[in-house]
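Have a look at the model first, then try each task before reading its solution.

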Amino acid sequence: MPVNIVLIEPEIPGNTGNIIRTCACTGANLHLIRPLGFSMEEKKLRRAGLDYLDLVEIFYYDNYAEFEKQHEGGQFFFYSTKASKNHDEVSYKDGCFLIFGKETKGIADHILEAHKESMVRIPMLNEERMRCLNLSNSVAIGVYEAIRQIGFGSFR
């Protein structure tokens, strides 16, 4: 079962395009929670995702509650700079969901509050000017850690 990448209200088409490419290269599914800050037809998204769109299973949801209801009982990991546990200190399983927030605000506080035990962070220098990593870079770090733990299987 593939890893699942979840983007809550992504805003930048180039980031989502890069994430589509990462999903294609890792076999991950992509879940997009509306509203999106762009059209899936946007040139910047297509350029970044190149011609990988047909290689990725993409699911759409009108809001986070709809997504959560459809995947009740799933293994969720919420990536946030507010987490105290590092992303490599948890055990990922086949079919897990790696959840990321929008570029400008991250995951909404009410969602994080309801899932404190499932929050993880990617470690970085603790300097005031460094808010967070780029979204597409964070997704790549998360998905490769999950795949490393699950096993690279058919990867070469």
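**Exercise 1.** Is Ile122 buried or exposed?

*Solution.* First, some ground rules: this is a predicted model, where local features need pLDDT of at least 70 and side-chain atom pairs count only at pLDDT 80 or more, while totals for chains, interfaces and linings use all residues. Residues are numbered from 1 along each chain as its sequence is written, and side-chain values use heavy atoms, with hydrogens and water left out.

Now the cut-offs: buried means under 20% relative accessible area, exposed over 50%, and partly exposed in between (1.4 Å probe, protein chains only). Ile122 has 14% relative accessibility, so it counts as buried.

**Exercise 2.** Work out what Ile122 touches.

*Solution.* Contact means heavy atoms within 4.5 Å. Skip the neighbours within four places in sequence, and Ile122 is in contact with Tyr79, His87, Leu133, Ser138 and Ile141.

**Exercise 3.** Which residues does UniProt list for "binding site"?

*Solution.* The unreviewed UniProt entry gives Gly101 and Ile122; such annotations may be inferred rather than shown by experiment. They're spread over 22 residues of sequence, yet cluster in space, with a largest C-alpha distance of 13.8 Å. Gly101 is buried too, at a relative accessible area of 10%. Leaving out residues up to four places away, Gly101 touches Ile8, Gly106, Ile107 and Leu135.

**Exercise 4.** How many residues does the largest nonpolar core have?

*Solution.* Such a core is a set of buried Ala, Val, Leu, Ile, Met, Phe, Trp, Tyr and Cys residues joined through side-chain atoms within 4.5 Å. The largest one has 29 residues, and Ile5, Leu7, Leu30 and Leu98 have the most contacts inside it.
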